[in-house]
Amino acid sequence: MEIDEWAIGQRIAQHRLRRGLTQEELAGLAGISLSMMKKIESGARTVTRFAQLVLFAQILRVADLRDLTGVPMSMMPDGRRGHPAADTVRTAVLERGHGTEPVGLERLRRLIGRAWSTWQEPSTFRYDAVGQYLTEVIRLAQAQVNTSSDEQRREALGLASTVYQLARTWTKRVGEYDLSWVVADRAVACALDADDPDLAGAAAWNLAMILSAQGKTEQARSVVRHAITQVDAELGERPSAAGLAVFGGLHLLGATEAAREDDARDARDLLDSAAAIAARTGETNFHRMVFGPTNVALHRISTAIELGRTREALDLIERTDARHAASVERRLTFHIDAARCYARRDNPVAAVHMMGRVLRDSRDELRYNPIARETLRQLSARSTPSLRADLDPLLEAAGLTP
């Protein structure tokens, strides 16, 4: 079954009229501009985020998402949201390290580095591996904070913040938004207690990411603006490479959030500022934020998609080499974005090719990423016999075969 993204806008308009709401009233309730509301209902702009779709359903008192999408919506292959390891990760977070023996700062640092590397490098089952790592390193990091002496406590807090930032991105990806919010908040608290401005900026970036995923775009923009101001004040005349990279990464996230509010001018200005910063830093991965010229190019694509500019996004896609991105996560996003654009432009061969790259780098991404899954559903509904040989393995990996 296929989701017709453009028909969602028409269904939203129908339910709006049934409730007796004007476009301006619905836009206000949804926290978006009137111009964006008009674009969504006309089909000029698609609802690309699950959180935004849920928000419209709540406002319009739609009990079943199929009334907006036309098909049943399940986040995971078995109809659940989440990952089998989510419960043990949650337990580790709630335990706060009690009953766990610390292993020392050096060993903890190595374990955290291994967990982050597993997440950022191509792997067949990276979701499962990182889920297992998180349960251990969260307990160990918090135990280290609990038992560290004053001179080691700041370092322990910094490591704990790094662990919680990894937990934030993993829990968000598997749909555990409530837990993602908790660990993002802890990442910020640990960074502030560690008195590390760069790390605090990275933690704020993580916090804004989960706010964005929950559809709280204006709050995400507020967090980013505040963090940009704080990091800028700390940079000084001779800023460190890490500080500049965090500064640039915040600008990129700000651009994405601006685009989600249809603020094309602010998005462009933030992207241009990020490009100037990236020219100074080169390719970096400080605090696992992955910032540099390649990531700026990838954000120009995702921002164009958020603004509904598919043709512009495709032009950028065909001029961009994502192989230089330091994290597989950014490359996967690029490939999925490209597949969506090619599918919209009725080029299923190119779309399947891009999804094949996702399968090669991270099989789990097809299983847990809702945008990837819906793109595959669309391709399956439109496929020709000649395309099935390449498409069927993707559907099988995503758990979408009958």
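Modeller: I will begin with the ring pairs, then turn to the core, the helices and some loop residues.

First, the ground rules. This is a predicted model, in which local features need pLDDT of at least 70 and side-chain atom pairs count only at pLDDT 80 or more, while totals for chains, interfaces and linings use all residues. Residues are numbered from 1 along each chain as its sequence is written, and side-chain values use heavy atoms, with hydrogens and water left out.

Now the rings. Rings of Phe, Tyr and Trp (its six-membered ring) pair if their centres lie within 6.5 Å; planes under 30 degrees apart are stacked, over 60 edge-to-face, and the rest tilted. That rule gives two aromatic pairs. In one, Trp 119 and Tyr 127 have ring centres 5.1 Å apart and planes at 70°, so they meet edge-to-face. Trp 119 is buried, at a relative accessible area of 0%. Tyr 127 is also at 0% and counts as buried. Here buried means under 20% relative accessible area, exposed over 50%, and partly exposed in between (1.4 Å probe, protein chains only).

Tyr 127 also pairs with Tyr 368: centres 5.3 Å apart, planes at 20°, so this pair is stacked. Helices are DSSP runs (H or I, at least four residues), as are strands (E, at least two), numbered from the N terminus. Tyr 368 is buried too, with 8% relative accessible area. Together, Trp 119, Tyr 127 and Tyr 368 form a cluster linked by ring pairs.

Arg 126 lies over the face of Trp 119, 4.1 Å from the ring centre. The rule for a charge over a ring is NZ of Lys or CZ of Arg within 6 Å of the centre and within 35 degrees of the ring normal.

The largest nonpolar core has 74 residues, and Leu 134, Ile 138, Trp 170 and Phe 291 touch the most other members. Helix α11 gives the most to this core, with twelve residues. Apart from it lies another core of 35 residues, among them Ile 305, Val 328, Leu 379 and Leu 395. A nonpolar core is a set of buried Ala, Val, Leu, Ile, Met, Phe, Trp, Tyr and Cys residues joined through side-chain atoms within 4.5 Å. In soluble globular proteins, nonpolar side chains tend to be buried together.

Next, α11 itself. Expected span is 1.5 Å times one less than the number of residues. Of the 17 residues, 16 are buried, so α11 is largely enclosed by the rest of the structure. At its start, a side-chain oxygen of Asp 196 comes within 3.2 Å of the backbone nitrogen of Asp 198. Just after α11, Gly 215 takes a positive phi of about 85°.

Helix α13 is another enclosed one. It has 20 residues and reaches 29 Å from first C-alpha to last, close to the 28 Å expected. With 19 of its 20 residues buried, α13 is largely enclosed by the rest of the structure.

Two loop residues deserve a look. Most residues other than glycine have a negative phi. Asp 262 has a positive phi of about 65°, although it is not a glycine. Asp 262 sits in the loop between α13 (241–260) and α14 (264–281), and it is buried at 17% relative accessible area. Asp 346 likewise is not a glycine and has a positive phi, about 60°. Asp 346 is in the loop between α17 (328–344) and α18 (348–361). Asp 346 is exposed, at 63%.

Methods: A polar contact is a pair of N or O atoms within 3.5 Å; within protein, one must be able to donate a hydrogen and the other to accept it, and residues adjacent in sequence count only if both atoms are side-chain atoms.
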